[in-house]
Amino acid sequence: MESLEFPILGEPLGIELANTWYGAGQDATDFLATPDMASAWAAAAGAPPVDDVAALCELRDTVRALVAARAAGQPLSRRAIGTLNRHAAAGCAAAVLQLDARGGVSTAIRFRGEAAGRARLATSCIEVLSGPHPIHRCEGEGCGLFFVQQHGRRRFCHDGCSHRARQQRYRRTQS
Ligand SMILES: [Zn+2]
């Protein structure tokens, strides 16, 4: 399992969850295919421990459909929103006021209960979908990972994809 490289970009967890299905058609990889893979992904992504892989996959498929629709500028499915909200409501959530070392305060949401992990992931997706920044798909050939465009004109998920695209452009101009 150590040798498996997960497509983790440092995005909000809701986006990282959507990206656990990578590629299309026969070349697609499901990084939640087994309980071991799902647990290894969660550890690598800094996501909550996995309690129920089938439920996590249902949430992933829902999140992926919503994020893909948003990235493509299409309307969001009410049914998918219903499923997302059901997962978000499966953990007990409470707002907490946090005091930092300098006496400043901030708020956070704490989740409790068996489904707390999934509730946290679903809530992250809700925040991203309702947040101010657009969701984009990497333009790298055969990539298509999702990311939140926080600034500028970011077109690629990672330097690797942008580097490959530059090389392809270079080769095309040379031939
Ligand atoms: Zn990419």
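These questions and answers go through a predicted model of one protein chain.

Colleague: What are the ground rules for numbering and confidence?
Modeller: Residues are numbered from 1 along each chain as its sequence is written. The model is predicted: local features need pLDDT of at least 70, side-chain atom pairs count only at pLDDT 80 or more, and totals for chains, interfaces and linings use all residues.

Colleague: Which pattern does the protein chain follow along the sequence?
Modeller: Helices (H or I, at least four residues) and strands (E, at least two) are DSSP runs, numbered from the N terminus. The chain has six helices and six strands. Read along the sequence, the pattern is α-β-β-α-α-α-β-β-α-β-β-α.

Colleague: What share of the 175 residues is buried?
Modeller: A residue is buried if 20 or more other C-beta atoms lie within 10 Å of its own, exposed if 12 or fewer, and partly exposed in between; C-beta atoms are placed from the backbone. By that rule, the buried share is 27%.

Colleague: Which residues of the largest nonpolar core touch the most other members?
Modeller: A nonpolar core is a set of buried Ala, Val, Leu, Ile, Met, Phe, Trp, Tyr and Cys residues joined through C-beta atoms within 7 Å. The largest one has 33 residues, and those touching the most other members are Val-63, Val-67, Leu-121, Ala-122, Cys-125 and Phe-146.

Colleague: Which residues is Val-67 in contact with, leaving aside neighbours within four places in sequence?
Modeller: Contact means that the C-beta atoms of two residues, placed from the backbone, lie within 7 Å. With those neighbours left aside, the partners of Val-67 are Ile-15, Ala-18, Ile-135 and Phe-146.

Colleague: Why does strand 3 lie largely in the open?
Modeller: Strand 3 covers residues 92–99. It lies largely in the open because, of its eight residues, the number buried is zero.

Colleague: In what sense do strand 3 and strand 4 pair?
Modeller: Two strands pair if DSSP finds at least two bridges between them. Strand 3 and strand 4 form a hairpin with five residues between them. Leu-97 stands opposite Thr-107 in strand 4. Over eight bridges, the sense is antiparallel.

Colleague: How many residues of helix 6 are buried?
Modeller: Helix 6 is hardly covered. Among its 16 residues, the buried count is zero.
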